[in-house]
Amino acid sequence: MLNKVLIANRGEIAVRIVRACQELGIQSVVAYSEADRDSLAVRLADEAVCIGPAAPARSYLNPPALISAALITGCDSIHPGYGFLSENPYFAEMCADCKLTFIGPSAETIRLMGDKVIGRQTMRAAGVPTVPGSEGELKSVEEAIEVARTIGYPVLLKPSAGGGGRGMRVAYDESDLLRAYPTARAEAEAAFGRGDLLLEKYLTNVRHVEVQVLADSFGHAIHLGERDCSAQRRHQKIVEEAPSPVVTPELRARIGADAVRGITSIGYVNAGTLEFLMDQDGQYYFIEMNTRIQVEHPVTELVTDTDLVRWQLLIASGERLTLQQNAIRIARHAVECRINAEDPARDFLPAGGEIEFYLPPGGPGVRVDSHLYAGYTPPGNYDSLLAKIITYGDTRDDALNRMRRALHECIITGIKTTIPFQLALIDDPAFRAGRHHTGYVAELLQRWKSEQAATVA
Ligand code: ADP
């Protein structure tokens, strides 16, 4: 069993990992930047070590600072959480070189799946359906045009090294594509240090459905059903749920088996997620794999009664995954709202300030993963996630009704949050009926904003 884990992350996920360590009797050390000295994770962990200034490049994205923090404090392993260095193969390699267990898959696997072009090719070779598009990375704008002619417009230009929904461009015809190509390359270069692009058919009216997988180092791999993350703003998830309202047990078995075949083909170890887009006929297409724990993992935990972060630690300790596929049951419905420090009435403008008062919701069927406390001022240097409110119930409606109660009950003063829009979303008739798609929130937001304006006027 691992003895002492360095947590190379912050915010709610650092707290989540501290909790899992404590329950397993593993020592935890939180690596924190100067801006996070007062964070909840620092208070809760067994130890804490400062790794540098607030700027992520000099702390949470600085491998030497993290590795030396782990070595100085006598850790035998590093949990990278999500974001930051969690999908950086060089970091995983450096950990291995320093005899630190990286809690995640091998550097080689991260490298394979971190590149969307190679990820797609690998999954296609394993018989997993992918979105129609370019074979490999685009060599020229002429090639982009040729591929677009074959698959038909609209098409999507995507950075091969992309993440967080950034740098994608839709083209509706050839002149669009001619214009978009150089911009997309430049954007990808600026954001990810690599201008490589791939081209995919741009699918509309689709759902984002992703499959959670777990695999141990003895070749045993399972899936834990799907999450539906179709409620997105600018390609970023805002509400997630499990199971998907459009996935039948037969479809779940099929997409799950594809996901397991895909990860088995690359000898995947630890927790991971395969993301798909699904059309109205239930046809699904792989888009990418995330080789880490995801923000929305709690909905899967609640419907399958598993602890994914605990399994990450056990698998990294060399333990066997004792869960069997036929024992995984989707027992409930769960929904997660990401509460961000943003003002939905002002186009989700990032909000700042001290949390004056904080009362998280409670009662039956409610879980809150958060690093907030009264008197805390979230630093403005990092992403704006304040809390994840997760509710569950026997049915989707039960879970959503609980979410309405929980959102009303939650008090966060001193800072603007996304709660007002989330309340509107969970009671929206199309969302309630489970009829939304990845473009739906943008439509609803337009209506919501004009309603808000009318109320104010
Ligand atoms: P990132 O790694 O930047 O998050 P993804 O490939 O995971 O990018 O895609 C993020 C979101 O962008 C998806 O959930 C979906 O809404 C949209 N998207 C990605 N690929 C396509 C596509 N081919 N057609 C339509 N929408 C897409």
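**Figure 1. Leucine 6 and its neighbours in the predicted model.** Leucine 6 touches Val29, Ala31, Val49, Leu66, Ala69, Ala70, Thr73, Cys75, Ser77, Ile78 and His79, leaving aside residues up to four places away in sequence. The model shown here and in the other views is predicted.

**Figure 2. The nonpolar cores.** The largest nonpolar core has 98 residues. Leu6, Leu214, Leu313 and Leu407 have the most contacts inside it. Helix 1 (residues 11-24) gives this core its largest share, eight residues. At least three residues come from each of domain 1 (4-103) and domain 3 (207-456). A second, separate core has 23 residues, including Met113, Met123, Val247 and Ile266. In soluble globular proteins, nonpolar side chains tend to be buried together.

**Figure 3. Helix 3 and its surroundings.** Helix 3 spans residues 63-72. Its buried residues are Pro63, Ala65, Leu66, Ile67, Ala69 and Ala70. They pack against strand 1 (4-7), strand 2 (27-33), strand 3 (47-52), strand 4 (77-79) and helix 4 (89-97). Just after the helix, glycine 74 takes a positive phi of about 75°.

Figure 4. The side chains of glutamate 47 and lysine 4 meet in a salt bridge, at 2.7 Å from N to O. Glutamate 47 lies in strand 3 and lysine 4 in strand 1, so the pair ties together parts that are 43 residues apart in sequence. Glutamate 47 counts as partly exposed, at 29% relative accessibility. Lysine 4 counts as buried, at 12%.

Figure 5. Glutamate 241 forms a salt bridge with arginine 396, and their closest N and O atoms are 2.6 Å apart. Glutamate 241 belongs to strand 11 (residues 236-242) and arginine 396 to helix 12 (residues 396-409), so the bridge ties together parts that are 155 residues apart in sequence. Both residues are buried. Glutamate 301 and arginine 367 also meet through their side chains in a salt bridge, at 2.9 Å from N to O. Here helix 10 (residues 297-304) holds glutamate 301 and strand 18 (residues 366-370) holds arginine 367, so the tied parts are 66 residues apart in sequence. Glutamate 301 and arginine 367 are both buried.

**Figure 6. A salt-bridge network.** The model has 38 salt bridges.

**Figure 7. A nonpolar surface patch.** Phe357, Leu359 and Ile411 make a nonpolar surface patch of about 250 Å². Isoleucine 411 is found in strand 20 (residues 411-413). At 32% relative accessibility, isoleucine 411 counts as partly exposed.

How values were computed. Residues numbered from 1 in each chain as written. Predicted model: local features only at pLDDT ≥ 70, side-chain atom pairs only at ≥ 80, totals over all residues. Heavy atoms only, no water. Buried < 20%, exposed > 50% of the residue type's maximum accessible area, 1.4 Å probe, protein only. Helix = DSSP H or I, 4+ residues; strand = E, 2+ residues; numbered from the N terminus. Contact = heavy atoms within 4.5 Å. Patch = residues over 30% accessible without salt bridge, like charges linked within 9 Å, V, L, I, M, F, W, Y side chains within 5 Å. Areas by Shrake-Rupley, 256 points an atom, 1.4 Å probe, with all protein chains shown as cover. Salt bridge = Lys/Arg side-chain N within 4 Å of Asp/Glu carboxyl O. Core = buried A, V, L, I, M, F, W, Y, C linked by side-chain atoms within 4.5 Å. Domains from an automatic or database assignment.
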